[in-house]
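Let's take a walk through this protein model together. Keep the sequence and the 3D view side by side as you read.

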Amino acid sequence: MKAVVTGAAGFIGSHLSESLLADGHEVLGVDAFTDYYPRPAKERNLAVCRDHRSFRLVEGRLQDLDLRGVLEGAGQVFHLAAQAGVRASWGREFAHYTDHNVLATQRLLEAALPAGRPRVVYASSSSVYGDAPSLPLREDARCQPVSPYGVTKLAAEHLASLYQKSFGLAVVSLRYFTVYGPRQRPDMAFHRFLKAARDGEPVHVFGDGGQTRDFTYVADIVAATRAAADSGRPGGVYNVGGGERIALRDVLRRIEDVTGRRLTLVREEVQKGDMRDTFADTTAARADLGFRSTVALSEGLEHEWRWIRSQA
């Protein structure tokens with residue numbers, strides 16, 4: 001089967017591409033190499049894929065490419081390309097988010113119609129929920145994002161739903177909950193914390209440390225994403241989370257245990273757009289996708305710690 005992976009040079013996209021290649025599929029990766037973080041890091045992410053005979057990379061923005069040609073012959077399309085970052089999505093930067101997250105998604109969905117209507121999996125985010133009054137978060141909860149980034153991810157979900165209802169395009173949306181592991185983006189918390197531990201630098205913590213997250217290891221995300229392409233309900237939305245709600249202060253203690261190093265904390269003000277708590281109800285993903293989180297936080301941190309040390 002031919003699979004298309006947008007955002008193939010990114011953190012999750014590169015892991016997904018490798019998984020598909022390992023199972024014998026042909027993968028066409030698409031990536032614009034935006035400057036949100038340095039290109040050399042993304043090139044390292046692609047090292048294994050580039051050496052594989054069944055991988056081909058198309059460089060460019062979804063807004064500009066001839067997507068009909070890109071999608072031709074594809075059985076599955078995994079749409080992971082996006083402008084990332086909650087805190088950076090305010091002010092003038094918002095234009096980048098509407099461009100890369102909303103317009104790019106609309107162009108991809110539109111192009112899928114004359115290209116054989118492949119199954120499409122859209123990578124959404126727990127950021128669509130905002131500060132919900134109760135946990136765990138269910139897919140039918142009211143979505144009230146607290147960041148412009150979350151607004152654009154939710155808007156793209158609505159587009160996916162429209163193309164499914166109006167044109168019968170088999171689109172499934174997955175709400176990822178705080179993904180971590182090797183190749184994690186340098187702006188994300190675990191990458192920053194583990195790098196600080198490695199280099200003996202202070203750890204900057206936003207808020208009081210009581211905020212909680214549902215952390216999901218990247219291999220579990222890849223498994224759920226591939227399962228969604230095979231058995232997800234067209235038009236469906238699924239939470240994908242690690243199954244454990246953990247306070248940031250407890251995460252920091254676990255990082256000290258994993259690294260064997262004492263962290264020096266620097267407290268910072270809470271950042272606009274940060275959710276206070278997240279915790280996924282994954283009942284629907286278990287039922288339809290057979291999803292089970294298999295990697296506990298301590299084990300996942302060990303994997304990411306080994307990767308961080310290899311980058312020194």
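Start with Arg253, which is partly exposed at a relative accessible area of 45%. Its side chain meets that of Asp250 in a salt bridge, with N and O 2.1 Å apart. Why can these two find each other? Asp250 and Arg253 sit three residues apart in helix H9 (residues 248-259), so about one helical turn separates them. Asp250 is partly exposed too, with 30% relative accessibility. Keep in mind that you're looking at a predicted model.

The idea behind such pairs is simple: side chains of opposite charge can pair when their charged atoms come close. Searching the whole structure turns up 18 salt bridges, so let's visit a few others.

Asp187 teams up with Arg185, and their closest N and O atoms are 2.9 Å apart.

Now look at Arg276 and Asp208, whose side chains form a salt bridge at 3.2 Å, N to O. This pair ties together distant parts of the chain, 68 residues apart. Arg276 belongs to the loop between strand S13 (265-268) and helix H10 (283-289), while Asp208 is in the loop between strand S8 (203-206) and strand S9 (212-214). Arg276 is partly exposed at 39% relative accessibility, and Asp208 is partly exposed at 43%.

Salt bridges can also link up into a network, and here you'll find one made of Arg39, Glu43, Arg50 and Glu59.

Next, turn to the strands. Strands of a sheet pair through backbone hydrogen bonds, either parallel or antiparallel. In this model, seven strands make an open sheet with parallel pairing, in the order S3-S2-S1-S4-S5-S6-S11. Strand S3 (55-59) and strand S11 (237-240) are the edges: each has a single partner strand, so one side of each has no neighbour in the sheet. From one strand to the next, the twist averages 20 degrees.

Zoom in on strand S1 (residues 2-6) and strand S4 (residues 74-79), which run parallel and are joined by five bridges. One place to look is Lys2, whose bridge partner in S4 is Ala74.

Finally, check out the helices on this sheet. Helix H1 (residues 11-22) lies across S1, S2, S3, S4 and S6, running at about 170 degrees to S1. Helix H5 (residues 94-112) packs on the sheet as well, touching S1, S4, S5 and S6, and its direction makes about 170 degrees with that of S4.

How values were computed
Residues numbered from 1 in each chain as written. Predicted model: local features only at pLDDT ≥ 70, side-chain atom pairs only at ≥ 80, totals over all residues. Heavy atoms only, no water. Salt bridge = Lys/Arg side-chain N within 4 Å of Asp/Glu carboxyl O. Helix = DSSP H or I, 4+ residues; strand = E, 2+ residues; numbered from the N terminus. Buried < 20%, exposed > 50% of the residue type's maximum accessible area, 1.4 Å probe, protein only. Pairing = 2+ DSSP bridges. Axes fitted to C-alpha atoms, helices over the stretch in contact; angles between N-to-C directions. Contact = heavy atoms within 4.5 Å.
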